[in-house]
Amino acid sequence: MSELSIRDRIKKKKWVYEEIVERVPPFRWLPPTLDVVAQLLLVEAVGIIAFIYFQMPLEAVIFGSLAIVYTVVWSAGCLNIIPWVRRLRDPTNEQELRVLQAYKERLLLSRPIELAGGLLCFAGVITILFLNQDVLRDFLGSGFGNPLLFVLVGVLAWDISYRLGLSFVTTMLAANRSIRLSNAANRRRGLEYTAYTEVQTLKSLDLVNLYWGASAVLLLPIASRLPLLFYGLLAFLGAILGFSVLSLMMMETVPWLPPDVESILHHERFAYVALCSKKQTHVTPVVFVYDGKHLYFAISVASAKYRILKKNDKIAALVDLRDRRNPMNNRAVMLRGKGMILGELTPLGTLRLFIYGLWMLWVRSLFWRKYPLYMNYYEERTHELPLAWQNKPFLSRLMVRIAVEKITYWRAAKPLPLRV
Amino acid sequence: MFQAKPARTQLRKTRSIPLEALHVLKDGFFAYLATAKMDCNPHLTAMFYIWDEDSRSIYMIASKRSRKLYNIRNNTKVCVTIDERDPFSPGRNCGVMIRGNAHLVEMEIAPQDIMLNFLEKYMDFLGVGYPLGTRIAIRVDPKYLSYWKGTNFYRWKNPDI
């Protein structure tokens, strides 16, 4: 099958739940956010009617509502994130492309994979309920034995099983994808990479897997009456948590930028930072470190950079590899984005210090590793230096973190824009 | 009370550009040109340049289709930094930052002697077949100049602009 047709099929093919929402009234008439609310109201209304009609115990309506809330919470995650996965752009690295293509095909195109977990789970739940009819009798009260009520319980059990099964399958697929993607990413060459917004989307999907897993906690009170179901659910929660964390950790090892760009950012010693205020640009050389995701440099509160950044956080940083003898060896990378000042003694600065404080210490240690002579100079000559140069973290010296929005890479004076 | 107070750098009001700054301008090899459209989103590139003593301006050559040209056509205020880096001690770093207006000069009317000096300076890089025809010269007249060497800073303001 051709590449194009697979891409088209990935865009068009929907999960069973999405198909229902898209085709069945009243969901098809509503936007996705209201679909979830409509689902909650409709199913809850059916549950309450059944509760009144069959004179079920109060426990049934509470547990039933918990089950319905679980399905709705799950659905909200599904309708929000899965369309993003369909729109993932292709990596420029062939191996990573193959990994992501296989992942998307399994996740979005294969109906057996989508339904396998749910069917297994459904079969297990029905078997356990069949073997523990007393519990079901207590739960359903006088309505036990009514075929209509059995159908309702069956539908709810399927709804839950489908979601539990699919959560398990998506988590397993995500862990497998992350491990393979990490391996492929570490074998990149030149300008091959997966744009980091795509990496972020995949990480968001891992977080949704965790959210789906965590929302199954709502089912614990229901399962508590049946030990097998309870321990099964605990094992499910453990597996989701473990594999999601594994997946997220592996995604952390995927470099954000291509090796050629990373090499310049890691090894070159000076960057030029351009800022702009009142339409007038301002350029200065700085020493910097790159932590694998962001560029950091230090500024003083007495500097023009600080004054300008406070007014306009748009920033461009250029790091270049100069070779005066071989023009073909000249390379440069320009990162454009927004600068965030860290270490200020202001309410916002304190909040950022709380969030990024430990990371700032790590970044500071990166400065020590990259510029030992510079840092020693600052340490040893503190008294000779102007106040703005004194190397006091969080006081007169601040840190700026650049969140990259656009990347341009030059090789031998030819610019090449790279996706972020 | 803990933070350093912003200090004004020393301003020199001399007619000519201070000698130390002139040395950097003459000896430098790369200039870093920052441009921005009216939205104040900066763009930065490394450029070859030549300092012209007579007109007291910097000349650079760029492709007519480049982003910097597009930005300059929208906003002529630019900044050019030329510096000498010392990887061992920040005390020995020195450089010049120029803020001023950029003027675009078609190659046909650009001063020939300056263009020849430019080509001579970067002969090893540009080679014989450098396509001047598709390019345009950028002249930057300094309005403000900041000079630094180690911890010493001063600013110079062009009295003629």
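Visitor: To begin, does A216(A) count as buried or exposed?

Guide: Please note that this is a predicted model. In it, A216(A) counts as buried, because its relative accessibility is 0% and the cut-off for buried is under 20%.

Visitor: Where in chain A is A216(A) found?

Guide: A216(A) is in the loop between α9 (196–215) and α10 (220–223) of chain A.

Visitor: Which residues is A216(A) in contact with, leaving aside its neighbours within four places in sequence?

Guide: The partners of A216(A) are then Y70(A), L164(A), L233(A), F236(A) and L237(A).

Visitor: Let us turn to salt bridges. How many are there over all chains?

Guide: The count comes to 15 salt bridges over all chains. One of the pairs is E198(A) with R89(A), whose closest N and O atoms are 2.8 Å apart.

Visitor: What does the pair of E198(A) and R89(A) tie together?

Guide: E198(A) belongs to helix α9 of chain A, and R89(A) to the loop between α4 (58–86) and α5 (94–109) of chain A, so the pair ties together parts that are 109 residues apart in sequence.

Visitor: Is E198(A) buried or exposed? And what about R89(A)?

Guide: E198(A) is buried, because its relative accessible area is 6% and the limit is under 20%. R89(A) has a relative accessible area of 33% and is partly exposed.

Visitor: Which residue forms a salt bridge with R111(A)?

Guide: That residue is E114(A), and the closest N and O atoms of the pair are 2.8 Å apart. Both R111(A) and E114(A) lie in helix α6 (residues 111–131) of chain A, three residues apart, which is about one turn of the helix. R111(A) is partly exposed at a relative accessible area of 25%, whereas E114(A) is buried at 3%.

Visitor: Now the interface. How many salt bridges does the rule find across the interface of chain B and chain A?

Guide: The rule finds one salt bridge there.

Visitor: Is D320(A) buried or exposed? How does R85(B) count?

Guide: D320(A) is buried, with a relative accessible area of 4%. R85(B) counts as partly exposed, at 24% relative accessibility.

Visitor: How is the size of an interface often given?

Guide: It is often given as the accessible area lost when the parts come together. Here, chain B and chain A bury about 4100 Å² between them, with 64% of that area on carbon and sulfur atoms. There are also 15 residue pairs in polar contact between chain B and chain A, counting pairs with both residues at pLDDT 80 or more.

Visitor: What about chain B itself? How many helices and strands does it have?

Guide: Chain B has four helices and eight strands. Their order from the N terminus on is β-α-β-β-β-α-β-β-α-α-β-β.

Visitor: What share of the residues of chain B count as buried?

Guide: Of its 161 residues, 52% count as buried. The accessible surface of chain B comes to about 7900 Å², and 52% of that surface belongs to carbon and sulfur atoms. Among contacts in chain B between residues at least 6 apart in sequence, 70% join residues at least 24 apart.

Visitor: One last topic. Which residues make the nonpolar surface patch of about 470 Å²?

Guide: The patch is made by L348(A), L351(A), F354(A) and I355(A). Of these, L348(A) is found in helix α14 (residues 347–370) of chain A. L348(A) is partly exposed, with a relative accessible area of 47%.

Key:
Residues numbered from 1 in each chain as written. Chains lettered and ligands numbered in written order. Predicted model: local features only at pLDDT ≥ 70, side-chain atom pairs only at ≥ 80, totals over all residues. Heavy atoms only, no water. Patch = residues over 30% accessible without salt bridge, like charges linked within 9 Å, V, L, I, M, F, W, Y side chains within 5 Å. Areas by Shrake-Rupley, 256 points an atom, 1.4 Å probe, with all protein chains shown as cover. Salt bridge = Lys/Arg side-chain N within 4 Å of Asp/Glu carboxyl O. Helix = DSSP H or I, 4+ residues; strand = E, 2+ residues; numbered from the N terminus. Buried < 20%, exposed > 50% of the residue type's maximum accessible area, 1.4 Å probe, protein only. Buried area = accessible area lost by both parts, 1.4 Å probe. Polar contact = N/O pair within 3.5 Å; in protein donor to acceptor, adjacent residues only side chain to side chain. Contact = heavy atoms within 4.5 Å.
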